[in-house]
Amino acid sequence: MTRNVSPGADAWPNPLIPGMNPDPSCIQVDDHYYAITSTFEYLPAIPVYRSDDLRTWHHIGNVATRQEQVGLLRCPAGGGVWAPTIRYFRGTFHVIVTVANSPRGCVLFTAQDPAGPWSDGLSFPGIYGIDPDLAWDGDDAYVTFSGLHRTESSIGPLDGIMQARVDLTSGELLEEPRRLWSGTGLSASEGPHLHLRDGFWYLFIAEGGTERGHAVSVARSRSIQGPFEGAPHNPVLTASGLDRPVISTGHGDLVTAPDGRDALLLLGTRPVDRARAFSVLGRETFVTTVDWIDGWPTPRPVELAPRQEPCVEHFELAGTAALDDPGWLAVRRPPAAVLAAVPQTRDGWLTLQGEGELLRSRTPAYVGRRQRHLACSVEVEVDCNGGSGGLALRFDEESSLTLLAERGTDPAVNTISAKIDLPGLCHSTSIDVPGGLVILRLGTKPPAPRYPPWAEGGDIITLSVVDANGGETEVANLDGRYWAVETATPFTGRVIGMIADDGRVHFRHFRYHGAAGT
Ligand code: 6LW
């Protein structure tokens, strides 16, 4: 066996792009790397991250900032924008993606500048499947995707990796989709990416389902159209055991690092407890070095190495420009549409107007950001004179929690409530605090070691009110296991942000603090 292994220890920061960032795809153009990930029912959709060294990433924009690009109004939680691929061809950036549960289906967006703006998008009605990849052989463009078996129901099971030559100007298929490879026999072959190396087309796929059995398998062919031959040691990467710090690894895209080594960006989860039961941040982007063994790309096991510096973000929230940072998210509509629903007339504040449904609404009065650290603290100052609102953590419609401030009948008193909303369980706890402005805080930290280890559960979520001197009064202390990929919608992750329940609520000074090493 010839193992072409570069010397030197791996020292990737991992997760590479933390928080809800699954299905990564990555390219290198000149001296820059660009990576994109899935966003499901959230807008803006498909974050574009840029790096010069493949280690430190900046969120420079989003591909779909307008509702018409993706059409998410009717998609369920966890549906919507799945598994985009980014490629660069003759001066133009291309992103191809499945928008599940939307008339848009398989869509191609283009841009000259990856920070945007991106085009309105061209649909490929002939592509019946998910996870499209885009590759060129000379002038010919090919979409390679995970086919869906056609059944009476609206969505069938996955049916192997398919491919069709396409016309990128009309969205037409230039041939009937052909089966390219069926994988190794593990379930759900998906997430294909094609790369040309040394005269071979290498086809990377995910198999085994996105949970603990997730795996990377590889096949290769001299022709982009196949036939493809699987690697003798497939799957080339899995992490299903309890001994790995990062599990469910798969769905990877290949890129060459600045030092010439190959690397795979891929999704994985990092459970918070020793029983490896609860992955509370969702599926994140990780990276690992790829060795070439006998001509086959072989990713190393993924190591856990959270960044050692803290993350401090402070947003002033003044008017409609308050949410210009590309990291703000809203549900099924852009953050700007949430702000536009109510006049932003209060100088220096952001105003939200709620209709009493909290996060059960399909389009809640809610704007938030990905939770990216296991130990984090989110704070906001709230004026609840005209309604009730505060902070909310969302995994999906049915799995959320909120910390609400509301003026009591006595204006000298505010009532602060912690509300848990889970399938089959709604629970609320309240305390009274002095009236006026309030600072609400949501903090998380990993569980303390307990015996037996499987009793540890999820992270510890503390909901509290902070007074002018920084003193904290706890409203609720919760086990975060119910807001995790294992218990809620498996595809998404946590988003934490501001919500109005009833009436008009004003916010300022939103702070996200992520602890070093988490
Ligand atoms: C993605 C697919 C998957 O399209 O999850 O389980 C989907 N596998 O590859 C959404 O992230």
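What follows is a talk about the terms used for this predicted model and the values behind them.

Student: Let's start with Ile46. What makes Ile46 buried or exposed?

Tutor: A residue is called buried if 20 or more other C-beta atoms lie within 10 Å of its own. Ile46 has 25 other C-beta atoms within 10 Å, so Ile46 is buried.

Student: And what stands out in the backbone of Ile46?

Tutor: Ile46 is not a glycine, yet its phi is positive, about 65°. Ile46 belongs to strand 5, residues 45-51.

Student: How do you know whether Gly497 is buried or exposed?

Tutor: The cut-off for buried is 20 or more other C-beta atoms within 10 Å. Gly497 has 27 C-beta neighbours inside 10 Å, so Gly497 counts as buried. Gly497 lies in strand 36, residues 495-514.

Student: Which residues is Gly497 in contact with, leaving aside its neighbours within four places in sequence?

Tutor: They are Tyr366, Val367, Gly368, Arg369 and Ala392. A contact here asks for C-beta atoms within 7 Å. As for Gly171, it is 326 residues from Gly497 along the chain, and 38 Å separate the C-alpha atoms of the two.

Student: Now the strands. What makes strand 7 and strand 8 a pair?

Tutor: Two strands pair if DSSP finds at least two bridges between them. Strand 7 (residues 80-89) and strand 8 (residues 92-100) are joined by eight bridges in the antiparallel sense, so by that rule they pair. One of the bridges links Gly80 with Ala100 in strand 8.

Student: What do strand 7 and strand 8 form, and what is in the turn?

Tutor: They form a hairpin with two residues between them, and Arg90 in the turn has a positive phi of about 45°.

Student: Why is strand 7 described as mostly covered?

Tutor: The test is applied residue by residue, with 20 or more other C-beta atoms within 10 Å needed for buried. In strand 7, eight of the 10 residues are buried.

Student: What about the open sheet? Which strands form it, and which are at the edge?

Tutor: Four strands form the open sheet in the order 2-3-5-6, with antiparallel pairing. Strand 2 (25-29) and strand 6 (58-64) are the edge strands, as each pairs on one side only. From one strand to the next, the twist averages 25°.

Student: How do you know that strand 5 and strand 6 pair?

Tutor: At least two bridges are required, and strand 5 and strand 6 have five, in the antiparallel sense. Val48, for example, has Gly61 in strand 6 as its bridge partner.

Student: Which peptide bonds to proline are cis?

Tutor: Among them are the bond from Asn234 to Pro235, with omega near -10°, and the bond from Tyr451 to Pro452, also with omega near -10°. Pro235 is in the loop between strand 18 (229-230) and strand 19 (237-238), while Pro452 is in the loop between strand 33 (438-445) and strand 34 (460-466).

Student: Which residues are closest to the ligand?

Tutor: Of the 14 residues that surround the ligand, the closest are Trp82, Ala83, Glu190, Gly191 and Thr210. Strand 7, strand 11 (129-137) and strand 15 are the elements that give two or more residues to this shell. The shell divides into six nonpolar, five polar and three charged residues.

Student: Last, how is the chain divided, and where do the domains touch?

Tutor: Domain 1 covers 27-243 and domain 2 covers 311-514. Their centres, taken over C-alpha atoms, are 33 Å apart. The contact takes 19 residues from domain 1 and 14 residues from domain 2. On the side of domain 1 that touches domain 2, strand 6 gives the largest share, four residues. That side divides into nine nonpolar, seven polar and three charged residues.

How values were computed:
Residues numbered from 1 in each chain as written. Predicted model: local features only at pLDDT ≥ 70, side-chain atom pairs only at ≥ 80, totals over all residues. Buried ≥ 20, exposed ≤ 12 C-beta atoms within 10 Å, placed from the backbone. Contact = placed C-beta atoms within 7 Å. Near = placed C-beta within 6 Å. Nonpolar A, V, L, I, M, F, W, Y, C, P; charged D, E, K, R; others polar. Axes fitted to C-alpha atoms, helices over the stretch in contact; angles between N-to-C directions. Domains from an automatic or database assignment.
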